[in-house]
Amino acid sequence: MDKSSTLLVHYDKGTPAVAKEIKEALEGNDVEAKVDAMKKAVMLLLKGETIPQLFITIIRYVLPSEDHTIQKLLLLYLELIEKTDSRGKVLPEMILICQNLRNSLMHPNEYIRGVTLRFLCRLKETEIVEPMTPSVLQNLEHRHPFVRRNAILAVMSIYKLPHGEQLFVDAPEMIEKALSSEQDPSAKRNAFLMLFTCAEERAVNYLLSNVDKVSDWNESLQMVVLELIRSVCKTKPSEKGKYIKIIISLLSATSSAVIYECAGTLVSLSSTPTAIRAAADTYCQLLLSQSDNNLKLILLDRLSELKSSHRDIMVELIIDVLRVLSSPNLDIRRKTLDIALDLITHHNINEVVQMLKKEVVKTQSGELEKNGEYRQMLIQAIHACAVKFPEVASTVVHLLMDFLGDSNVASALDVISFVREIIETNPKLRVSIITRLLDTFYQIRAGKVCPCALWIIGEYCLSLSEVESGISTIKQCLGDLPFYSVSEESEPTETSKKIQPTSSAMVSSRKPVILADGTYATQSAASETTFSTPTVVQGALTSGNLRALLLTGDFFLGSVVACTLTKLVLRLEEVQSSKTEVNKTVTQALLIMVSMLQLGQSPASPHPIDNDSYERIVLCIKLLCHRKDEMKKIWLESCRQSFVKMISEKQLREMEELKAKTLTTHAQPDDLIDFFHLKSRKAQGVEYKSLIPNPVDLPQNSLTHHSHLKPIHLTLQIVLLTAE
């Protein structure tokens, strides 16, 4: 016989001493001491101790007690102790408790009767239960519902024992009779559960005879009804029709648990569009009515399963699914967007995008927590919609560009990546996107977003006005040059050294000067001169976003600024007829680049410029000084071609992933195969064996030539045996 696993809890060794203390407390007259002693005894049993020496003491001093708490602890103790020997026979001393249990079953107090009946449900020993069966049957007609409901469970438990049918021969008839006259909801549920478990046909007959009353039954009874329907339809699929009506009627129940189970039962029993649509509608309604986040996640999982198997029906409910975005929980919003993005079609894309745009606008209020993360999810969803359906890009791109200066860097990065892809895949939007980007560029404050925005400006400013606007925008964001100022002090005093920290720098001298060691230096010699600490030009941190980022030491951004200016100047040379204007712009660009190099090599910078950025800026300077057609082609065409290639490879990779996802099997090799069609045909009188050629009837040469028929024939024979 299987044994219950014990609860291992740390305790100090010394069981004999503990058992002795328990025994002394049980033999006393103090009720509270007895309660504590019984609790200790129960805990010892849970920890795996047997303590057989306490059994007789408990029989003598605890059984006669009338205290309800002691009686409840006594039943727990009797449930935990070993009642059989190593051969599985009931221990002789267990007979001592039978008379006490019979007395408890006839006790005038309803609570004592009820807990004793509940205790009988946990007994597996027929020898102990058998003497108490008459008392259990008498409790079926007790006036108190607490006793009746536990009596029904006791009958069901005893009836399910190995020889229980012999103890209660007519138990199903008695329970069915009690069910017809029972008024207590819990007792009625237990009676129906007993019929469902032990006499399914009687439960089915009772259900079908009370179909009109099912919607008025108690929630717990309705749950058992649904469980019965699933069980019956699994064994008798041809009878699904009569039960579908019951399930549909229960969809209007007041209990959310019943409605949820109804939807799940509908999906498991029927695959018709009407049933699936009703189940999906139910899940969507529950999503909006329930406040518990865990329940919403479970409901979204059910909708995701429906999406995988019945996508066409779920497409019609995409707006209902998106209403769940009103929940403030990010996990729920993320799962909702994942489901919705797989249901987008040409017919509903405009509605979906419009709803997503409204949600994006709501995130600007700042009232909800984690608005930045939610906005990022929405931007990614809109990006996916625009890539899948390019015609909607024009309706969302300008709205999203308002978030380029978002404090959430990840959200701003998603926006600029979306803009970069849309401006390439939708040439008609190029002019409007460039104009909007130049107007909002000053709002960008993230060092990771500016490089991508500058790249877009350098690649897609094509006309003369666009190129000039791009150069002007960059100059405004960089502010006045130089980036820092230095005031030289010829004779710093001790006081000034304390107030104004100084630094020395190697400068090229244009006249004879006295060095620190007292010697003279010629005009070409290097001189170490003491300077005051370079100070940033007034207003530098507020004059432009690019200037502020450069002064923090972001020289990678400086190299991107140099590359963007180089591209714009090279393109200006193509579209501008005036060489004077071109040369003027080249001079201004060179001045900006040299100023960035000086900043990177000066003490005013938090750290020196890195080698990669330095080399890139120097390369841009050389290119502007020596402009060649080959280099122009590389800078103005090859970079754009590389990006186009990257976009095409990304789209190809996404298509392959989508194909692989559609080819993913949802069945496992060891799944049970249901030969439902074979069964139904056999029921109609179709003879399968006539459809299969017998190898004995085939010519020998045909068997040799068609040797592949042998495994097929064997497989079909197995199928027929399974169907029969």
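Of the 724 residues of the protein chain, 44% count as buried. The model is predicted. Its secondary structure comes to 38 helices and 6 strands. Among contacts with a separation of 6 or more, 67% join residues 24 or more positions apart. The chain exposes about 39700 Å².

- Helix H5 spans residues 95–105.
- Its buried residues are Ile 97, Cys 98, Asn 100, Leu 101, Ser 104 and Leu 105.
- These buried residues pack against helix H3 (55–61) and helix H4 (68–80).
- They also pack against helix H6 (110–120), helix H7 (126–129) and helix H8 (133–138).

**The loop at Gln 183**

- Gln 183 is found in the loop between helix H11 (171–181) and helix H12 (185–198).
- Gln 183 has a relative accessibility of 69%, so it counts as exposed; the cut-off for that class is over 50%.
- Pro 145 lies 38 residues away from Gln 183 along the chain.
- The C-alpha atoms of Gln 183 and Pro 145 are separated by 8.8 Å.

**H12 with H14**

- Helix H12 also contacts helix H14, which covers residues 219–235.
- The two axes come within 9 Å and cross at roughly 15°.
- H12 and H14 are therefore roughly parallel to each other, as angles under 35 degrees fall in that class.
- H12 passes H14 in a left-handed crossing.
- On the H12 side, the contact is made by Lys 188, Arg 189, Phe 192, Leu 193 and Phe 196.
- On the H14 side, it is made by Ser 220, Leu 221, Val 224, Val 225, Glu 227, Leu 228 and Ser 231.
- By class, the residues of the H12 and H14 contact divide into 7 nonpolar, 2 polar and 3 charged.

**H13 with H15**

- Helix H13 (residues 200–209) and helix H15 (residues 240–250) have axes that come within 12 Å.
- These axes cross at roughly 55°.
- H13 and H15 are therefore oblique to each other.
- The crossing of H13 and H15 is left-handed.
- H13 contributes Val 204, Leu 207 and Leu 208 to the contact.
- H15 contributes Lys 242, Tyr 243 and Ile 246.
- The contact of H13 with H15 has 5 nonpolar residues, no polar ones and 1 charged.

**H23 with H25**

- Helix H23 (residues 371–388) packs with helix H25 (residues 409–425) at an angle of about 15°.
- The axes of H23 and H25 are 8 Å apart.
- That angle makes H23 roughly parallel to H25.
- H23 and H25 cross in a left-handed sense.
- From H23, the contact takes in Gly 372, Arg 375, Gln 376, Ile 379, Gln 380, Ile 382, His 383, Ala 386 and Val 387.
- From H25, it takes in Ala 410, Ser 411, Asp 414, Val 415, Ser 417, Phe 418, Glu 421 and Ile 422.
- The residues of the H23 and H25 contact divide into 8 nonpolar, 6 polar and 3 charged.

Note on methods. Residues numbered from 1 in each chain as written. Predicted model: local features only at pLDDT ≥ 70, side-chain atom pairs only at ≥ 80, totals over all residues. Heavy atoms only, no water. Axes fitted to C-alpha atoms, helices over the stretch in contact; angles between N-to-C directions. Helix = DSSP H or I, 4+ residues; strand = E, 2+ residues; numbered from the N terminus. Parallel < 35°, antiparallel > 145°, perpendicular 65-115°, else oblique. Left-handed = near helix turned anticlockwise from the far one by under 90°. Contact = heavy atoms within 4.5 Å. Nonpolar A, V, L, I, M, F, W, Y, C, P; charged D, E, K, R; others polar. Buried < 20%, exposed > 50% of the residue type's maximum accessible area, 1.4 Å probe, protein only. Areas by Shrake-Rupley, 256 points an atom, 1.4 Å probe, with all protein chains shown as cover.
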